[in-house]
Amino acid sequence: MRIGELAEATGTTARALRHYEQAGLISAERASNGYRVYDERAVVRVRNIRHLLTAGLTLADVQVFLPCLDGDVTAVPPSGEGIRVASERLAVLTERIAAQTAVRDRLRAALHRATGDLA
C-alpha cells in the first residue's frame, strides 16, 4: 500500500509516517516510480506506535518496543526495559506538570494581588 493509504488506514498523516520511517520504526520498499510501498503489516505497527505515543512516550522511547510492535502491544507482557522507559517518561511528565502547576499558582496569586479577584 502507498503512504496515503497507510495514513488513511491508521488515522495518521503521511508526514508522521515519514517521521516514523526516519526514526527507524517503520520501513517501506520503493516502487519503480519512487513511491513508498508498505506491507500490510505496517498498519498494525503504526497503530501500535500511535498507541504508545498517545500514552505519553516519545519516538525515542518507542524504540525499546520494536520487538513487539508487529503484534498486540497491549497484550504482550512488558519487558523490564519497557517498564524502565515508561517509568522514566512518567517521572519526566510528573516533573513538568509540577512545574506548570507552580507557574499557574504564581500567576493566579499575582492576578489576585493585582485585582483582588481569585482567577
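Here are a few numbered remarks on this predicted model, to read with the structure in view.

1. Start with the overall layout. The protein chain has five helices and two strands, and along the sequence these follow the pattern α-α-β-β-α-α-α.

2. Next, look at the overall dimensions. The C-alpha trace spans about 70 × 35 × 20 Å along its principal axes. The radius of gyration of the protein chain is 20 Å, whereas a compact globule of 119 residues would have one near 14 Å.

3. Now for the inside. Of the 119 residues, 25% count as buried. The largest nonpolar core has 23 residues, and those with the most contacts inside it are Leu6, Leu17, Tyr20, Tyr38 and Ile49. Helices H1 (3–10), H2 (14–22), H3 (42–54) and H4 (59–62) are the elements that each give two or more residues to this core. H3 provides the largest share, five residues.

4. Leaving aside residues up to four places away in sequence, leucine 6 touches Met1, Leu17, Tyr38, Ala42, Val43 and Val46.

5. Then move to helix H5 (residues 80–115), where you will find glutamine 100. Is glutamine 100 buried or exposed? Its relative accessibility is 55%, and exposed means over 50%, so glutamine 100 counts as exposed. Its C-alpha atom is separated by 15 Å from that of leucine 90, ten residues apart along the chain.

6. Finally, the surface and the charges. The accessible surface of the protein chain comes to about 7900 Å², and 56% of this belongs to carbon and sulfur atoms. The chain carries 16 positive and 14 negative charges, whose mean positions are 7 Å apart.

Definitions and conventions:
Residues are numbered from 1 along each chain as its sequence is written. This is a predicted model: local features need pLDDT of at least 70, side-chain atom pairs count only at pLDDT 80 or more; totals for chains, interfaces and linings use all residues. Side-chain values use heavy atoms; hydrogens and water are left out. Helices (H or I, at least four residues) and strands (E, at least two) are DSSP runs, numbered from the N terminus. Buried means under 20% relative accessible area, exposed over 50%, partly exposed in between (1.4 Å probe, protein chains only). A nonpolar core is a set of buried Ala, Val, Leu, Ile, Met, Phe, Trp, Tyr and Cys residues joined through side-chain atoms within 4.5 Å. Contact means heavy atoms within 4.5 Å. The radius of gyration is taken over C-alpha atoms; the globule rule is 2.2 Å times the number of residues to the power 0.38. Accessible areas come from the Shrake-Rupley method with a 1.4 Å probe; for residues, only the protein chains shown count as cover. Lys and Arg count as positive and Asp and Glu as negative; His and the chain ends are not counted. The place of a charge is taken as NZ of Lys, CZ of Arg, CG of Asp or CD of Glu.
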